[in-house]
Amino acid sequence: MGAWGARRLGIAIASMLAVFQPVLQAGAEEEKQRTGGSFYAGAHVGLMFGTATATLDDPIGSAVAGGTNPYGALFGGVQGGWEYVTPARLMLGIELDFSFPNYEDASKVLSYRATSSGYVSEEYEWLATLRGQVGYDFGRFTPYLTGGIAWASTRFSRIDLTTGNEDGNPSNIRLGYALGAGIDYRIDPRWSVRAEYLYTKLGWTGFNFASAPSRYDSQYDLQRIRFGMNYRFGQPEEDDKKADDRGPGTFEVHGQSVFVYQGYPAIRAPYDGPNSLPAVGQSRETWGTSAFIGVRLWKGGELYYNPELLQGYGVALTTGAGGFPNGEAQRAFPYPRYNTSRLYLAQTFGMGGEREKVESDQMQLSGERDISRISIYAGKYAVQDFFDNNAYANDPRVDFLNWSIWSGAAFDYPADSVGFSWGVTAELNQPSWALRAGYFLVANQPDTNVYDLDIVNRSGVVGELEVRYQPFDRKGTTRLGLWATRAWAGSYSDAVALIPQYPGLSANDTIPLTRQARTKWGFYVSIDQELTDDVGAFARFSWNDGRSEILAFTDIDTSFSAGLSIKGSAWGRPDDTVGIAGALNGVSAGHASFLANGGLGLTAGDGALTYATEVVAEAYYSLQLAKGVYATADYQFIGNPAYNAVRGPAHFFSGRLMVKF
C-alpha cells in the first residue's frame, strides 16, 4: 500500500468520523438498537483515480518505454453482502462487489505505452472485491473499516505501428487487495445509503503478445470514492405514517432489468459493406439494468437520478438498417458499462384549479399536482423523455423494438452516442393541451460522446404542441413537434461533388472535408387514439431536410409508421399485450447519393446502393409472468434494409425479458 496510500486511508477514516460524530450520537439516541443478521443488495457509483506504472518492451530486448501515468474516471457497479449486529452494537459483515467503467471509451484505459514498433494499452473490463467489514452501530449511522482481496479483468491490446493491425487479448485476471472505510446511513429498516473510500492495489503483472516479440508489465495504485444504496431483505415495513410522508427529503426507488436476444437467418445479398447486415445471418444480445431514484427537495422541487449498466451488441454492431430492429442496442459493450443516463432537477409551479393524482413510477414521484401548471426540467436526460411521446409505441423495453416504430425516426434529436443530452425543458400544461420547448447540447461531430460546449453558436432546440381530446369518450392525443440543430457536420452533396478531385477516395473519405457548422431541421406528428377499452391505434410521420449528416440517431430522413396495441382481456389475459405495426422509411436524394458512392452513415452504408424505400413490419406478444415480470416474443420483417433493393429481405426473431419493481 505504501506510506502515501496509508496516509490517504487514515485521512479518509478520520475525516468521516469527525464529520459524522455529532449525528452518530444523535442517531444512537433516536433509533432503537437493531441486532441479528440480514442480507442486502444494492448499487454504487463513484470516482476512481490513481497512478499506473507500466513498461513496454517492444521488440523484447531492443526498445523499452516505461513510466507512470495518471488515471481518473467515473464508474458504477453492484454489490451484495451479509451483516450481523451483536447485542454490543458491533457490526460484522462480508461484501462482494463488481465495478464497471463509464461508457466513454477513455474511461476503460488504465495505462498505455509506445515504442517505434507498437502501441500497447491495458483496459479494465471490471474490478471486483471480496471484503470483510467491522463497524459500530450507532443507530442510523454505522461507520466501518473494510478490507479484503481485489481482482480485475483486463484487456491487453497491441497495435502494430507498421501494419496497423491489432492484437487484442481480453479477460486477463489479475489479483490485488483493497482496504478502506465507510459510513452507512439507515434511511428506514430496509433502505440505507453509504459513502465509502477504498484503496486498491493491483501488483505487477506481465503479458507476452503472441503476434510480436513484445511484453507489457504494469501495476496500479487506485483510490476509489464511492456512494451507494442498499436494500436489506427480510426487514419490517415502515409504519403507515412514515410511508405516507411526502415531505422534503423523502424518496422513491424503482428498478428495471431488460434482456433482449435477437437474430436473423441468412439473407439474399450479392455483397456486404462496412455497415451491412452480414449476409450469413447473425444473433446478438443486449442487457440493461437501471435504477430510478426520485427525491423531494422542497415544494414542487424534485431531483431525479437514473444510473444504468449497459451491455451487449446489436446485430452488425447496430448497423444495417435505418429502422434498426433493437431499440436497446444503442452501442456495443462486451462487458457492462456505467452511464449516468439521467440526472436532473424538476420544478413545478401549480396554477390552481383542478388537481390530478400522480402514481409512483420511474422518474415520477407519487402525489398530487395541479393540472394547470408550469414545469421546468434542467439537467441530463433523453429528449424523448418529454418530446415525441406516444401512448402505444414509445419504449423498446416495453412495447415495439424497431427504431422507426417506437420513435419519430427522422427526428435526429440532440444526444450523445447512447441517446442522452444536457438541457433545459419548460412545459405549460392545461387540461386539454400542453406546450413545451427545450434547449440542448449537441455532439461536437456525428456519433460521438463529446458535447459541443459552444452553446451560443451550436445547440439543439425542440418545440412541441400536444392536444388532448376524447371523441366518443375515447382518449386521444396529437403531438406536433418542430426541431433544429446547429452542429459541426458534413454535407452529403458536397462530399459527392469532391470525389472527382480526389481519385480513389469515396464519399466517406471526402465528407470530413465538408464539415462545418450547419443547421438541420425537421418536424414530427405523433397520434394515439383509444378505440376500445382494450385496443389503441397510433400513427407517426417525421421528416428532416436530409442535407447534412445525421448527428445522433439513425439514417432516416422521412418515416411513416402506424399500428395497433391490443390488451389480452378477450382471452382472459388483461395484462398481456399484442402489438402490430409497420413503417416506411426513406432518405433524401443527396443522402442516397452519398451512400451509393461509398458513404457510411450511423446505421447505413453497404458501400454501394440500389435505392428503394425501406419497409418494416413488426408484431409482438408481451406475456405477464408475474407482477413486474414480462416475457415478449417479437418478429420483424425488414425489406430493402438500409434502402438497398439488392439486399434482403431480413426476418428478425427476438425474445425480451423485463423485470421491474
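Analyst: A residue counts as buried under 20% relative accessible area, as exposed over 50%, and as partly exposed in between, with a 1.4 Å probe and protein chains only. The model here is predicted, so local features need pLDDT of at least 70 and side-chain atom pairs count only at pLDDT 80 or more, while totals for chains, interfaces and linings use all residues. Residues are numbered from 1 along each chain as its sequence is written, and side-chain values use heavy atoms, leaving out hydrogens and water.

User: What percentage of the residues of the protein chain count as buried?

Analyst: Of its 661 residues, 53% are buried by that rule. Accessible areas come from the Shrake-Rupley method with a 1.4 Å probe, and for residues only the protein chains shown count as cover. The accessible surface of the protein chain is about 27200 Å², and carbon and sulfur atoms hold 61% of that.

User: What radius of gyration does the protein chain have, beside that of a compact globule?

Analyst: The radius is taken over C-alpha atoms, and the globule rule is 2.2 Å times the number of residues to the power 0.38. For 661 residues a compact globule would come to near 26 Å, and the protein chain agrees with this at 27 Å. Its C-alpha trace spans about 80 × 75 × 50 Å along the principal axes.

User: How many helices and strands does the protein chain have?

Analyst: Both are DSSP runs numbered from the N terminus: helices are H or I with at least four residues, strands are E with at least two. The protein chain has 6 helices and 27 strands.

User: What share of the contacts joins residues 24 or more positions apart?

Analyst: A contact means heavy atoms within 4.5 Å. Among contacts in the protein chain with a separation of 6 or more, 71% join residues 24 or more positions apart. Gly323 gives a case: its C-alpha atom is 7.3 Å from that of Asn585, 262 residues away along the chain. Gly323 sits in the loop between β12 (301–312) and β13 (333–350) and is buried at 0% relative accessibility. Leaving aside residues up to four places away in sequence, Gly323 touches Asn402, Ser404, Ile556, Asn585, Glu614 and Ile638.

User: How far apart in space are Tyr377 and Gly273?

Analyst: Tyr377 and Gly273 are 104 residues apart in sequence, and their C-alpha atoms are 42 Å apart. Tyr377 belongs to strand β16 (residues 373–381) and is buried, with a relative accessible area of 13%. Beyond four places in sequence, the residues that Tyr377 touches include Tyr344, Phe386 and Glu427.

User: How many aromatic pairs does the count come to?

Analyst: Rings of Phe, Tyr and Trp (its six-membered ring) pair if their centres lie within 6.5 Å; planes under 30 degrees apart are stacked, over 60 edge-to-face, and the rest tilted. The count is 36 aromatic pairs. One of them joins Phe98 and Trp151, edge-to-face, at 6.4 Å centre to centre with 85° between the planes. Phe98 is in strand β3 (residues 90–101) and Trp151 in strand β6 (residues 141–160), so this pair ties together parts 53 residues apart in sequence. Phe98 is partly exposed at 27% relative accessibility, whereas Trp151 is buried at 18%.

User: Why is the pair of Trp191 and Tyr231 edge-to-face?

Analyst: The pair is edge-to-face because the planes stand at 65°, with the ring centres 5.0 Å apart. Trp191 lies in strand β8 (residues 191–209) and Tyr231 in strand β9 (residues 214–232), 40 residues apart in sequence.
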